[in-house]
Amino acid sequence: MLDSAARVNGGPNRVAVAGESAGGNLATVVSMMARDRNVRLPVHQLLIYPVASYNLDSPSYIANANAKPLGKAGMHWFFDKYLTSQADTDNPYAIPLAAENLTGLPPATIINAQIDPLLWDGEEYARRLRAANVPVEQRTFAGVTHEFFGMGAVLPEAREAMQLAGMRLKSAFAGQ
């Protein structure tokens with residue numbers, strides 16, 4: 001993307017990463033890889049209920065074990081397909097909270113749903129980023145489930161989350 005940004009009327013200094021759920025995981029990993037490989041960092045990470053840990057016993061996994069559309073059993077199934085071995089759970093490029101060092105990552109916006117096994121992942125990732133002096137805005141939307149973000153036509157919380165996401169990206173790009 002950095003090499004071809006001009007072809008899409010963009011600029012390499014105006015690239016952000018964003019993702020929802022597993023896509024949030026990938027966005028964090030792109031940011032870590034860019035930092036570790038001395039590639040220009042994205043200007044922002046927009047993470048919507050990211051998969052950041054392999055802690056299937058976190059408070060939100062316990063509280064939301066049977067949540068719909070995503071519960072603990074569903075996440076277990078996804079991890080079974082995603083990880084090639086148990087050793088992958090210690091690989092920060094697969095499980096971002098396995099990283100020892102989160103310093104030097106781009107500023108982040110993390111949007112979480114209250115009724116979601118991934119709630120703890122997003123909150124803990126935000127906490128770890130702050131501890132690494134990375135600017136973070138983390139918000140948990142009450143009374144909504146995993147996948148709420150795309151439901152702006154029917155959920156005011158989704159419209160509010162999308163406005164927050166747009167505002168944070170606009171602000172990140174304005175600084176470039």
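This is a predicted model: local features need pLDDT of at least 70, side-chain atom pairs count only at pLDDT 80 or more; totals for chains, interfaces and linings use all residues.
**View 1. I110 and the residues around it.** Skipping neighbours within four places in sequence, I110 is in contact (heavy atoms within 4.5 Å) with L47, P50, G122, Y125, A126, L129, V136, E137, Q138 and R139. Residues are numbered from 1 along each chain as its sequence is written, and side-chain values use heavy atoms, with hydrogens and water left out.

**View 2. The largest nonpolar core.** A nonpolar core here is a set of buried Ala, Val, Leu, Ile, Met, Phe, Trp, Tyr and Cys residues joined through side-chain atoms within 4.5 Å; buried means under 20% relative accessible area, exposed over 50%, partly exposed in between, with a 1.4 Å probe and protein chains only. The largest one has 17 residues, and I110 is among those with the most contacts inside it, along with L102, L105, Y125, L129, V134 and V136. Two or more residues each come from α1 (22-36), β3 (108-115) and α4 (119-131).

**View 3. S21, tucked into a loop.** S21 sits in the loop between β1 (17-20) and α1. Is it buried or exposed? S21 is buried, at a relative accessible area of 12%. Leaving out neighbours within four places in sequence, its contacts are I48, Y49, P50, V51, L118 and H146.

**View 4. Stepping back to the chain.** Five helices and four strands make up the secondary structure, running β-α-β-α-α-β-α-β-α from the N terminus. These are DSSP runs numbered from the N terminus: helices are H or I of at least four residues, strands E of at least two. The C-alpha trace spans about 45 × 40 × 30 Å along its principal axes. Of the 176 residues in the chain, 46% are buried. Among contacts with a separation of 6 or more, 70% come from residues 24 or more positions apart.

View 5. The chain exposes about 8900 Å², with 54% of that supplied by carbon and sulfur atoms. Those areas come from the Shrake-Rupley method with a 1.4 Å probe; for residues, only the protein chains shown count as cover.
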